[in-house]
Amino acid sequence: MNDRRQIKIALAGNPNSGKTSIFNGLTGAHQKVANFPGVTVEKRVGYRKYGNYDIMFVDLPGTYSLTAYSLDEKVARDYIINMNPDLIINVIDSGNLQRSLYLTMQLIEMGVDIILDMNMWDEVMENGIEIDTDKLSKLLGAPVVKTIGSRSQGIDRLLKTSVALIENGHTDQDEVETESEARTEKETKEETPSSEKGRRRRRRSMHDYHRHMHHRHPPVSYGPKLDDVVKTLSEEVDHSCHGCRGCGNPRWLAIKLLEGDQEIKKRCIPSEKENIALTTRLEESVEHIKTTTNEDPEMVITEGRYGYVAGIVREVMKQPPRDRMQFSEHIDQLVTHRLLGYPIFLAIMWLIFQTTFKLGTYPMEWIDAGVVMLQGALASIMPAGAISDLIIQGVIGGIGSVIIFLPNIVLLFLGISILEDSGYMARAAFIMDKLMHFLGLHGKSFIPMLMGFGCGVPAIMSTRTLESPRDRILTILIIPLMSCSARLPVYILFTGAFFGAAAGNVIFAIYIIGILIAVLAARLMRKTILKGDSLPFVMELPPYRQPTIKSVAIHMWERTKIYLRKMGGIILIASIILWVLGYFPKKSEYSIDYETQIEQYRFLESEYSEQKIAELEAARATEDLDYSVIGRMGGIVEPIVSPLGFNWQMGVSLITGFVAKEVVVSSLGVLYQIGEEHDEQSETLIGVLRDPVNGISKLGAFAFMIFVLLYTPCVAVIVAIKREAGWKWMWFSIVFQTTLAWVVSFIVYQGGHLFGL
Amino acid sequence: MSLNDLKPGQSGKVISVAGQGAIRRRLLDLGIRSGETIKMIKAAPLKDPLEISLGNGHISIRRSEAALIEIKVVS
Ligand SMILES: Nc1nc2c(ncn2[C@@H]2O[C@H](COP(=O)(O)OP(=O)(O)O)[C@@H](O)[C@H]2O)c(=O)[nH]1
Ligand SMILES: [Mg+2]
């Protein structure tokens, strides 16, 4: 056996307290940092070796409380109950001690060990707040460490203190274990099969429990009267659960029962008939509180908790905080101004798209030149044949056509992450709430929608911050209409080919069209399949903060990695498959005898004959492609897409785009390159698209972009929808969007024709 | 009077929080409870939601929820 110990540490705290920054500092893991309440919806995990320990860190969702009302809060508390972390680092926004400690109290009630991480300490010092951390530590019975997450200061200290606490906690292990051994053994036997892991886990949780029985953290007091009620009820809970700690600390469960927490009630009282003792005790307790205080227990408990926190804050805070929002208020005078707010919002969005497009063209040209050079070089050294065709046309042709958009993608995410980290996103939600309300959604849905411009998958996951399932589903359904970054290569390719200097504006227009259609779709769905009012909207507006280079860089690097991984994975495979389907089967009989004719022209050796040979070779290549599997598939799709102004290659590329939207471009790259000779004069994809014979019209290009904007989400998003909303909505999304895409593109193309475009 | 009636720059003391379930709980969890002082900062461009200041942070809240919060103006 090795003597390394595995430990689990979870980070909990309010949204925007800097949890993710601390998490990054602790693990060095690449993880998104954002300045908006609730961006971290999934738990994120990172690892760190320290001394003899292998530590696993988990970044829990940011919450203000631990009720069952919001999914985030449920995720956080279920993790604490079910996964039994050895320790919780409670990240505190030291500039807002009162509200942060309100959550701390609930963590303590749950019966877990905590360390208080006083983050944002720089703001405390700047604002002249004075906090007596020693006293705070004594009052809460928890170590206190000061940190500045954005500058990675105090992280080592935090790590050292965490490990020390866990170590000390375990020095009394033997004593604790003998105390509880008998009971533990009995329980593990009941667990079948009693795996070693299960046993260890059970013992650890028992152990945790006993540590708390020693009262490391003094229990939160709600005043003598209420404390008595809680005590008797928690004894009843303990009794009724037969001492099993599977659902959590009995005192915490008792408090939750008094608060009327439906989920805990279901857990502790599965059937009122069987749990008579607890049911009656609970009813009595609730009645008792109601008659003595004239308030419902939930209110009394919340008040009590706040009272307790207020007492602590009074004792430790010597200098009351100055208003740290002053600076933010100044900015907001402009940013959320009655008249200027929206123009500023639009200007910021416009600026981001222009930068993405204009700045991106330079590195794009370099990469493009590199790809063409590579193809030429390979063609000259590799013996001609299927293998070289596969590598040059299939692999490099496919990947090359997509990789040139890497700079655009990275720039787009640069913009998004600056918006998130600075705190502007929350303001955008603030000014958009009324409009979102009109859609039957609220401002909070606006953030996932904005994130949808980056990628639909995290956007859909971030809908977990929405409390109402109906709001969530509606938001999930319209997120794919926000044009994600994977669709950008398609727009850049087609606008570059057809719209010249107006390209930036056309792309901007496409995004706006996506938003408008989302608006209409949302209204329609709210009226029909997802009836009902949206839930209230209460959200914190965090102070503006300067985004750190580190967090923005991590974010951009993460995106680059994801993009490159896509290149090496799904796009590589799709390109190869597509190439093979387009290369085989080989035709043996052609409509005319190309070989003989070419020979004859070759014999002539004139300029005219050179041209003829090229024409003949192209005609043969077309015949080959038509004969191939892809060509036949194209034949099937063509009648469906030709009313929209697309050719069959575009039709096929749309099908392959289901894998990932960038594949639309890489497929076109492969389809147009099969059978082509490669040298420095090879035509670029842009040239081929504009070709008067094989290419398409400007209007067709626009209709195609609309189609790509609207049609079925890619596989990854589909999977996310299935996971978050279920099969039904997944199928709905696929069918609805594809139909929508066809109809709108049809209207655009045919309508445009009528107007003589 | 309710929170809605505060003018920008005015402050009020919370007397009671009406409503029930999720919304009441959320208001309480964010620190909107009787005895607290709330300052009105401003309304969003389309008059809704409101931005209020509470403790040491700012919160955005819709008028429909602000109507649940009974306050008394303080100077
Ligand atoms: N001034 C200051 N800013 C911080 C500190 N820690 C984090 N931040 C910033 O606060 C914002 C929110 O941080 P984040 O880690 O995303 O918080 P989370 O929502 O709790 O995960 C980001 O802009 C960070 O750069 C700190 O100690 N001091
Ligand atoms: Mg976070």
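At 7% relative accessibility, A:Asp261 counts as buried, where buried means under 20% relative accessible area, exposed over 50% and partly exposed in between (1.4 Å probe, protein chains only). The model is predicted, so that local features need pLDDT of at least 70 and side-chain atom pairs count only at pLDDT 80 or more, whereas totals for chains, interfaces and linings use all residues. Residues are numbered from 1 along each chain as its sequence is written, chains are lettered from A and ligands numbered from 1 in the order in which they are written, and side-chain values use heavy atoms, with hydrogens and water left out.

The side chain of A:Asp261 meets that of A:Arg77 in a salt bridge of 2.7 Å, N to O, a salt bridge being a side-chain nitrogen of Lys or Arg within 4 Å of a carboxyl oxygen of Asp or Glu. Because A:Arg77 lies in helix α2 (residues 71-83) of chain A and A:Asp261 in the loop between α10 (250-259) and α11 (262-268), the pair ties together parts that are 184 residues apart in sequence; helices (H or I, at least four residues) and strands (E, at least two) are DSSP runs, numbered from the N terminus. A:Arg77 is likewise buried, with a relative accessible area of 0%. Within helix α11, A:Glu263 and A:Arg267 lie 4 residues apart, about one turn of the helix, and form a salt bridge in which the closest N and O atoms are 3.1 Å apart; A:Arg267 counts as partly exposed, at 28% relative accessibility. Over all chains, the structure holds 32 salt bridges.

Chain A, with 33 helices and 9 strands, has 757 residues, of which 56% count as buried. Among its contacts (heavy atoms within 4.5 Å) between residues at least 6 apart in sequence, 75% join residues at least 24 apart. Leaving aside neighbours within four places in sequence, A:Phe494 is in contact with residues including A:Phe499, A:Met650, A:Leu668 and A:Phe704.

Between chain B and chain A, about 3600 Å² is buried, 53% of it on carbon and sulfur atoms, buried area being the accessible area (1.4 Å probe) that two parts lose on being put together, summed over both. B:Arg25, B:Asn56 and B:Arg62 supply 23% of the area that chain B buries against chain A, more than any other three residues. The contact takes 33 residues from chain B and 52 residues from chain A, and 6 salt bridges are counted between the two chains. In one of these, A:Asp433 pairs with B:Arg62, the closest N and O atoms being 2.8 Å apart; the pair crosses from helix α18 (residues 424-438) of chain A to the loop between β4 (57-61) and α2 (63-66) of chain B. A:Asp433 counts as buried at 1% relative accessibility, as does B:Arg62 at 2%. A:Glu298 forms a salt bridge with B:Arg25, with 3.1 Å between the closest N and O atoms, and both residues belong to a network of salt bridges that also links A:Glu109, A:Lys256, A:Glu259, A:Arg305 and B:Asp29.
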